[in-house]
Amino acid sequence: MPAPDAAARTDLFPPIDPYGTGFLRLDDRHAMYWEQSGNPRGVPVVFLHGGPGAGATPSHRRFFDPYHYRIVVFDQRGAGRSTPHGEIAANTTPILVDDIERLRVHLGIERWHVFGGSWGSTLALAYAQAHPARVRSLGLRGIFLGRPSEIDWFLYGIGHVFPEAWRNFAGFVPEAERGDLLDAYWRRLIDPDPAVHLPAARAWSAFEGSCSTLLPSPETVQAFSEDRMALGLARIEAHYFRNALFLPPDALLDGVAKIRGIPATIVQGRYDMVCPIVTADLLAKAWPEARYVVVPDAGHSAMEPGIRAQLVAAMERAKRLG
C-alpha cells in the first residue's frame, strides 16, 4: 500500500496497534516488554521513553509514519509493563544501553533510527556513543545530561518558576528534611509498605507533571499521578539521581566526538522547566553538526503542539537517510 504524502506533516500520525509484542528475559529478575508497529518491512526506529522509569504509551508510536517505519517501542527495565515494576536492582545506565542492544539483536535489526526525549535523550546519547555503527540517526528532545546542576534544578530551582507545585512537593516531607529532598523522598520510595511509598511517589510524579507543560495541563498531572506510572517514575528517577546517572561526570558531552557523523536533530522547548534550555544549548555548541531547533512557545512535554510538529518533521526528514 503506498504511503500518503506526509512531506508537510505537522502533527502526530493516527493511532495504530502493534503487530507484535513480547517480553525479553534480561536476567533472573528482569523481563522487558517490547512491541512493534507500523511496516514490518520498513526502516527500523526505536523509541526511548523518559523518566527514567516513566514507561511508554500508545501515543509514542504516533511520531513515525507507519507506512515507512518499523516502529519499536519498549519499556526499560523496571518501567511500564516490564517486570518487576519499579525494580532498581541491576538497573543502571550501562545496563540499559546493553538492554537496547540485546533488543536490536533479538529483533534481527542491523541499524535503526534512535528517538528519545528527556531521559530518553540521555539514554539515546549513551547508546549511540557505545554503538555508533548501529545508529542511522538521532532524534532528541528536552535534553538531559544528568549533571549535578540539572538534578539540583529539578529538586529546588523549579520552585522559582512553579512555586505552588514546589511547595506541594517539598511540603510532602517534614520541614526538617527539606534540606535534602532527594534523600527524604528516597527513604520513603524504597519503603516496602505501599502506604508509605505510594503517597511519596504520587507527590514526586505530580510535581514533575505539573511543571512539564508551558500552560497548565490537568490531564498531564493526572497521568503522572496514576499509581503505576508514579511509582516507576519516582522510585527509578530517585535511584538514578542519587547515583549521578551511573555515568562519569560530563561523559555524554565528552563522548560527542564519537557520534559527530550521525545525523541528529535536537528539539528543545524555550520554556522547558524540567530540562532547561541551557543544557540543550550546551550540547548544541559541542555538536555543531546537529540540527538544533528551539520551539519558542513550548515547555518540556513532547505532546505540546510545537514540540510534536518538530519531532514529526525530524522523522520525516530522516526518511531520506534510509
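1. Eight strands form an open sheet with mixed pairing, in the order 1-2-4-3-5-6-7-8. Two strands pair if DSSP finds at least two bridges between them. Strands (E, at least two residues) and helices (H or I, at least four) are DSSP runs, numbered from the N terminus. Strand 1 (20–25) and strand 8 (291–295) are the edges, each pairing on one side only. Ignoring direction, neighbouring strands are turned by 20 degrees against each other on average.

2. Basis. This is a predicted model: local features need pLDDT of at least 70, side-chain atom pairs count only at pLDDT 80 or more, and totals for chains, interfaces and linings use all residues. Residues are numbered from 1 along each chain as its sequence is written, and side-chain values use heavy atoms, leaving out hydrogens and water.

3. Strands 6 and 7. Strand 6 (residues 135–141) and strand 7 (residues 264–269) run parallel, joined by four bridges. G139 has T265 as its bridge partner in strand 7.

4. Helix 10. Residues 277–286 make up helix 10, which packs on the sheet and touches strand 6, strand 7 and strand 8. Its direction makes about 155 degrees with that of strand 7. Axes are lines fitted to C-alpha atoms, for helices over the stretch in contact (heavy atoms within 4.5 Å). Angles run from 0 to 180 degrees between N-to-C directions.

5. The cores. A nonpolar core joins buried Ala, Val, Leu, Ile, Met, Phe, Trp, Tyr and Cys residues through side-chain atoms within 4.5 Å; buried means under 20% relative accessible area (1.4 Å probe, protein chains only). The largest has 73 residues, of which V114, L138, L140, W204, L283 and W287 touch the most other members. Another core, of 22 residues, lies apart from it and includes L12 and F63.

Conventions:
Buried < 20%, exposed > 50% of the residue type's maximum accessible area, 1.4 Å probe, protein only.
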